[in-house]
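Dear colleague,

I am passing on the structure below, together with a short account of what was found in it. Please read the text with the structure open beside you.

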Amino acid sequence: MTMKPIIGMTACRGEGKVFKTNDTYVEAILRAGGIPVLLPIAQGLEDCARLAAMADGVLIPGGVDMAPQHFGEEPAKEVTCIDHQLDDFELELIRQAAALGKPMLAICRGHQVVNVAFGGTLYQDIPGQCPQAGGHYQATDSRAEPYHTVEVLPGTFLAAAMGEGAVLTNSYHHQAIREVAPGFTVSARAKDGIIEGIENADGSIVGVQWHPECMEERYPRFRGIFRAFVERAAAK
């Protein structure tokens, strides 16, 4: 019998003294055949190294804005909600997991943090810095509803997982990747040019800007992202 892989998912702070993640991430990993385990913020290199070693794969979910100091900038006025401890924890965990060759799936904020972890930069605020861009932040009470078109580029690991070409995705972000990190390529873009997917050369790290965990139950095409990730983690 093939053992189910352990998928470590970083947890953010909720109200009060709790750590949390949305249940949609948990359910998507369970449906894909993985065992989800929450990873609360741990301090120090040794903690992150041990957590990365424990997990067969790492999922970096959505969340608050990333502090722009991590890519050499001061905050724009639209950046109002950050968590430096979460930034530091996720950046270190990502680097440790990559050093161990652990597969990673990064979603929304996670997709941005992965890019910064390896030397990329972000647009701090799409409306302020990309006035030509279309809408990228729909009402939060319609998280499973398609919103704008994303083009998944052929020949990418993302295309192998979910199919190439146009797809309607949901969208909940005002930050986005600006300069892609060295060693990564773009795997998907919105019609307005905003980067919606990145991946590294061997496909062990895949990031998407939308929230497939909110859509995969109603729209099976998105399940392939989680299946491909969990299969890679199982193979490790």
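By class, the lining of the largest pocket comprises nine nonpolar, eleven polar and six charged residues. Please bear in mind that this is a predicted model. The space in this largest pocket comes to about 570 Å³, and of the 26 residues that line it, Gly62, Gly63, Val64, Arg143 and His211 are the closest to its centre. As for secondary structure, at least two residues of the lining of the largest pocket come from each of strand S2 (12-13), helix H3 (84-99) and helix H4 (109-117).

The second largest pocket has a volume of about 170 Å³, and its lining is made up of 13 residues, of which Ala161, Gly203, Val206, Ala228 and Phe229 are the closest to its centre. Two or more residues of the lining of the second largest pocket are given by each of strand S6 (104-107), helix H6 (157-162) and helix H7 (223-235), while by class this lining has ten nonpolar, two polar and one charged residues.

Gly44 sits in the loop between strand S4 (35-39) and helix H2 (45-54), and it counts as partly exposed because its relative accessibility is 42%, a value in between the limits of 20% for buried and 50% for exposed. Gly44 and Glu92 are 48 residues apart in sequence, and from C-alpha to C-alpha they are 8.5 Å apart in space.

With kind regards

Methods: Residues are numbered from 1 along each chain as its sequence is written. This is a predicted model: local features need pLDDT of at least 70, side-chain atom pairs count only at pLDDT 80 or more; totals for chains, interfaces and linings use all residues. Side-chain values use heavy atoms; hydrogens and water are left out. Helices (H or I, at least four residues) and strands (E, at least two) are DSSP runs, numbered from the N terminus. Buried means under 20% relative accessible area, exposed over 50%, partly exposed in between (1.4 Å probe, protein chains only). On a 1 Å grid over the protein atoms alone, a cavity is a set of points where a 1.4 Å probe fits but cannot get out, and a pocket is an open set with protein on both sides within 12 Å along at least five of seven lines; lining residues have an atom within 4 Å of a point. Grid points are joined across faces, edges and corners, and a volume is the space filled by probe spheres set on the points. Ala, Val, Leu, Ile, Met, Phe, Trp, Tyr, Cys and Pro count as nonpolar, Asp, Glu, Lys and Arg as charged, and the others, Gly among them, as polar.
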